Amino acid sequence: NWEPIKGDIELIDVGFHYKTGEKVMEHMNLKIEAGNSIAIVGPTGSGKSTIVNLICRFYEPTSGQILIDGVDYRERTQEWLHSHLGYVLQTPQLFSGTIKENIRYGKLDATDEEIIEAAKLVNAHEFITHYPDGYETVIGEGGSGLSTGQKQLISFARALIANPAILILDEATASIDIETEKLIQDAIQVLLKDRTSFIIAHRLSTIVNANQILLLKNGEIAEKGTHAEL
Ligand code: ATP
Ligand code: MG
């Protein structure tokens, strides 16, 4: 078990290119104070998911630094980072197995009660219990058999049960029906509560609740402000 962290995130002069490609960003400076919620919007290919990849350390900056609570994350282990940071990626990372196993992946020693509690909080309980096998329903690799919205809600339950200080959310771009959309938006509010969050937003409803909104263009922050200001 690790010491708790506050959850400050800071990108200092971050530059990055994928091995095969051109520069995706240069001199990116960004600070998210613990407990705040930042939403980022921008055209496709502008580098939004790349920032997620960097903060989650799936890739490391090619120049500059990323600090978590003031410390360069390369001075820590991946295990340390991932014990404090939860994420829901644009394509939910579900594996072949039961719904329960997929949620428990966020906290391996979670009890069934904790799993159900988390699912309820993110509005997933209802659709899960509509299946004849409920939480024991087997889903396929990548969550096949579920709708995009349902996959998101299960990923949310997984992220919530881990109770991370930092939450990274890359909203799915696929269209989701209005009813599920409402469930997702309410679930996002639950997820954000009392933690630092960084959200790639594709929907206006998500942006409205963020403390700050960044507009990313070509790997640069073109504008920032609150929803009222932009
Ligand atoms: P979208 O709104 O479509 O999700 P995005 O803002 O998330 O777009 P990124 O996925 O960060 O955009 O991509 C930024 C740039 O990096 C694009 O030019 C993209 O082609 C490139 N890119 C993204 N992932 C990789 C990768 N794994 N390898 C090489 N290039 C990549
Ligand atoms: Mg993306």
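Predicted model: local features only at pLDDT ≥ 70, side-chain atom pairs only at ≥ 80, totals over all residues.

Student: How many residues does the largest nonpolar core have?

Tutor: In soluble globular proteins, nonpolar side chains tend to be buried together. A nonpolar core is a set of buried Ala, Val, Leu, Ile, Met, Phe, Trp, Tyr and Cys residues joined through C-beta atoms within 7 Å. Buried means that 20 or more other C-beta atoms lie within 10 Å of the residue's own; exposed means 12 or fewer, and partly exposed is in between, with C-beta atoms placed from the backbone. Here the largest such core has 64 residues, and those with the most contacts inside it are Val122, Phe156, Ala157 and Ile168. Helix H6, residues 148-162, gives the most to this core, with seven residues. Helices (H or I, at least four residues) and strands (E, at least two) are DSSP runs, numbered from the N terminus.

Student: Which residues is Ile168 in contact with, beyond its neighbours in sequence?

Tutor: Two residues are in contact if their C-beta atoms, placed from the backbone, lie within 7 Å. Leaving out neighbours within four places in sequence, Ile168 has contacts with Val52, Ile55, Cys56, Leu85, Tyr87 and Phe198.

Student: How are H6 and H7 arranged, roughly parallel or roughly antiparallel?

Tutor: Two packed helices are described by the angle between their axes and the distance between the axes. Axes are lines fitted to C-alpha atoms, for helices over the stretch in contact, and angles run from 0 to 180 degrees between N-to-C directions. Angles under 35 degrees count as roughly parallel, over 145 as roughly antiparallel, 65 to 115 as roughly perpendicular and the rest as oblique. The axes of H6 and helix H7 (residues 178-192) are 10 Å apart, at an angle of about 15°. H6 and H7 are therefore roughly parallel to each other. The H6 side of the contact consists of Gly149, Gln152, Leu153, Phe156, Ala159 and Leu160, and the H7 side of Thr180, Leu183, Ile184, Ala187, Val190 and Leu191. By class, this contact of H6 with H7 has nine nonpolar, three polar and no charged residues. Ala, Val, Leu, Ile, Met, Phe, Trp, Tyr, Cys and Pro count as nonpolar, Asp, Glu, Lys and Arg as charged, and the others, Gly among them, as polar.

Student: At what angle do H4 and H6 cross?

Tutor: Helix H4 (residues 112-121) and H6 cross at roughly 120°, and their axes come within 8 Å. H4 and H6 are therefore oblique to each other. In H4, Glu114, Ile115, Ala118, Ala119 and Leu121 meet Ala157, Leu160 and Ile161 of H6. The contact of H4 with H6 has seven nonpolar, no polar and one charged residues.

Student: What is there to note about phi at Asp13 and Arg57?

Tutor: Most residues other than glycine have a negative phi, and most peptide bonds are trans. Asp13 is not a glycine, yet its phi is positive, about 50°. Asp13 lies in strand E1 (residues 9-17) and is exposed, with 12 other C-beta atoms within 10 Å. Arg57 also has a positive phi, near 60°. Arg57 sits in the loop between helix H1 (48-55) and strand E4 (63-68), and counts as partly exposed with 17 C-beta neighbours inside 10 Å.

Student: Is Ala39 buried or exposed?

Tutor: Ala39, in strand E3 (residues 37-41), counts as buried, with 23 C-beta neighbours inside 10 Å. Ala39 and Ala210 are 171 residues apart along the chain, but their C-alpha atoms are separated by 5.8 Å. Beyond four places in sequence, the contacts of Ala39 are Ile199, Ala201, Thr206, Ile207, Ala210 and Ile213.

Student: Where is Asp194?

Tutor: Asp194 is in the loop between H7 and strand E10 (196-200). Asp194 counts as exposed, with 10 C-beta neighbours inside 10 Å. Between the C-alpha atoms of Asp194 and Ser37 there are 9.6 Å, with 157 residues separating the two along the chain.

Methods:
Residues numbered from 1 in each chain as written. Chains lettered and ligands numbered in written order.
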